[in-house]
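Please look over the sequence and the model before reading on.

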Amino acid sequence: MNAVEQLLERYTAGERNFRDLDLFRADLNGADLSGASFFRANLFSANLFRANLIGVTFYNATLIGANLYCANLSGADLSGANLTCANCEGADFSGADLTAADLGGVDFSLANLSYANLTRSNLMRASLVNAKLDHTNFTGADLKWANLNDAEITEAQVRSAQFAHAIGLTPELQARLQREGAIISA
């Protein structure tokens, strides 16, 4: 029995703690793992396409290059996680905690990050094209060179967030972000 089969069997039996589990390149396409804890787990290049990850804990987990396309991570804890270059297109991160997460180069196109906490997160060169960013907390986040074309940024907290060289910021949006405490120029 491989690691994925064992994980799904343990989850079905009611287990929810998968701390430090190695799921390198695991195929969890469409899996329902809601409420599970993957504290410090290795999900490098894992396929979580359309997975149900509501309320899952990925605290300090490695999800570098993971495929989270259209996955549901609403209310998930990804604080301190490394998602560098992950595909999060169309994923639901509403209400998720991504405090101090490494999100450099992540594709958040069409993703829902409403009410998400991205305090002190690295979003350098992330794509947030057409992303929903209502009430998102970007306090102290680094969005240098991020692509924000057509992103919906309303009621966001941006104090001390770095938006230098960000793509897609209209002059009106730049002015509003600066008034709210964001850093726009390098």
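The model is predicted, so local features need pLDDT of at least 70 and side-chain atom pairs count only at pLDDT 80 or more, while totals for chains, interfaces and linings use all residues. Residues are numbered from 1 along each chain as its sequence is written, and side-chain values use heavy atoms, with hydrogens and water left out.

**Helix α1**

- Helices are DSSP runs of H or I with at least four residues, numbered from the N terminus.
- V4, L7 and Y11 are buried in α1, where buried means under 20% relative accessible area, exposed over 50% and partly exposed in between, with a 1.4 Å probe and protein chains only.
- These buried residues line one face of the helix, because they fall within an arc of 60 degrees seen down the axis of α1; the arc is that of the directions from the helix axis to the C-beta atoms.
- N2 caps the N-terminal end of α1, with a side-chain oxygen 3.0 Å from the backbone nitrogen of V4.
- Just after α1, G14 has a positive phi of about 105 degrees.

**Serine S121**

- S121 lies in the loop between α1 (3–12) and α2 (171–179).
- S121 counts as buried because its relative accessibility is 1%.
- A polar atom of the S121 side chain lies 3.5 Å from the backbone nitrogen of A100 and 3.3 Å from that of A101.
- Beyond its neighbours within four places in sequence, S121 is in contact (heavy atoms within 4.5 Å) with residues including L98, L103 and D142.

**Cysteines**

- The structure holds zero disulfides, a disulfide being a pair of cysteine sulfur atoms within 2.5 Å.
- C85 is in no disulfide, and the nearest cysteine sulfur, that of C88, is 11 Å away.
- C85 counts as exposed at 52% relative accessibility, whereas C88 is buried at 0%.

**Aromatic rings**

- Seven aromatic pairs are found in the whole structure; rings of Phe, Tyr and Trp (its six-membered ring) pair if their centres lie within 6.5 Å, and planes under 30 degrees apart count as stacked, over 60 as edge-to-face and the rest as tilted.
- F49 and Y69 are stacked, because their ring centres are 5.4 Å apart and their planes stand at 5 degrees.
- F93 and F108 form an edge-to-face pair, with centres 5.4 Å apart and planes at 80 degrees, and both are buried.
- F18, F38 and F58 are linked into a cluster by ring pairs.

Methods:
Helices (H or I, at least four residues) and strands (E, at least two) are DSSP runs, numbered from the N terminus. A polar contact is a pair of N or O atoms within 3.5 Å; within protein, one must be able to donate a hydrogen and the other to accept it, and residues adjacent in sequence count only if both atoms are side-chain atoms.
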